[in-house]
Amino acid sequence: MALASGALGVLLIGCASKPAPAPAPAPKKSASAKPAPSSRNDARPAPERRSRSSEPAPSASSTPSAPVAKAERNFLRPSNGTVIQRFNGRNSKGIDFAGSEGDPVIAARDGKVVYSAVGPRGYGQLVMIKHDATFVTAYAHNSKLLVKEGQSVKRGQVIAHMGRTEADRVKLHFELRRNGNAVDPAAYFASPD
């Protein structure tokens, strides 16, 4: 699931933030220009740079640095099932809920469906909803998807049926990304009044 989380992170980061501007083209060198002398030791190799998409999420994403503001604690639990796996930020980037085949999966908040298809390996049939410029949620292992990309959904609307696609049992794997980083969804669930 950790490998798949990296792939999902790339999808979620793309949904939660604006694309980076294209780098400016390098100035062209004339054929007669000599390279400028270098003050650093050329025998030492440059540090290796990895692309951002292959880097693991920073450890700060595993726990929020500050308590969650009351205004942000407005997400519904996407399932009434028992929690069988909690968020830990390493091998579990979300929460798993137990259930029976066909149980309803509900949208945690109003938003727009940005993905509704078979997801990256390990996620099965996946729905992703962009709620605003900050938050994106993901709902994995569904048996049936009830929404399409581009569709607006309301908080509490049934968006899928629980299943076991690419899972060892029937369950819902639910992730919440804040600015592209996985956060513990439980901290964002609305408190019962």
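I begin with confidence: pLDDT is the predictor's confidence in each residue, on a scale from 0 to 100. A contact, in what follows, is a case of heavy atoms within 4.5 Å. Over residues 15–65, pLDDT stays under 50, and the model has 22 contacts beyond four places in sequence for them. Residues 1–5 also stay under 50, with 14 such contacts. The protein chain averages a pLDDT of 78, and 65% of the residues score at least 70.

This is a predicted model, in which local features need pLDDT of at least 70 and side-chain atom pairs count only at pLDDT 80 or more, while totals for chains, interfaces and linings use all residues. Residues are numbered from 1 along each chain as its sequence is written, and side-chain values use heavy atoms, with hydrogens and water left out.

Let me turn to the charged side chains. A salt bridge here is a side-chain nitrogen of Lys or Arg within 4 Å of a carboxyl oxygen of Asp or Glu. The count by this rule is five salt bridges. One of them joins R178 to E72, with the closest N and O atoms 2.6 Å apart. Why does this pair tie together parts that are 106 residues apart in sequence? It does so because R178 lies in strand β9 (residues 171–178), whereas E72 lies in the loop between α1 (2–16) and β1 (83–85). Helices (H or I, at least four residues) and strands (E, at least two) are DSSP runs, numbered from the N terminus.

For accessibility, buried means under 20% relative accessible area, exposed means over 50%, and partly exposed is in between (1.4 Å probe, protein chains only). R178, at 28%, counts as partly exposed, and E72, at 19%, counts as buried.

A salt bridge also links K171 and D168, at 3.7 Å from N to O.

I now come to the aromatic side chains. Rings of Phe, Tyr and Trp (its six-membered ring) pair if their centres lie within 6.5 Å; planes under 30 degrees apart count as stacked, over 60 as edge-to-face, and the rest as tilted. The count by this rule is five aromatic pairs. In one of them, the ring centres of F75 and Y188 are 6.4 Å apart and the planes are at 85°, so the pair is edge-to-face. F75 lies in the loop between α1 and β1 and Y188 in the segment after β10 (181–183), so this pair ties together parts that are 113 residues apart in sequence. F75 is buried, at 1% relative accessible area, as is Y188, at 2%.

The rings of F135 and Y188 are also edge-to-face, because their centres are 5.5 Å apart and their planes are at 70°. F135 lies in strand β6, so its pairing with Y188 ties together parts that are 53 residues apart in sequence. F135 counts as buried at 3%. Together, F75, F135 and Y188 form one aromatic cluster.

Finally, consider G150, in the loop between β6 (135–145) and β7 (152–153). Its relative accessible area is 44%, which makes G150 partly exposed. Leaving aside residues up to four places away in sequence, G150 touches K112 and V113.
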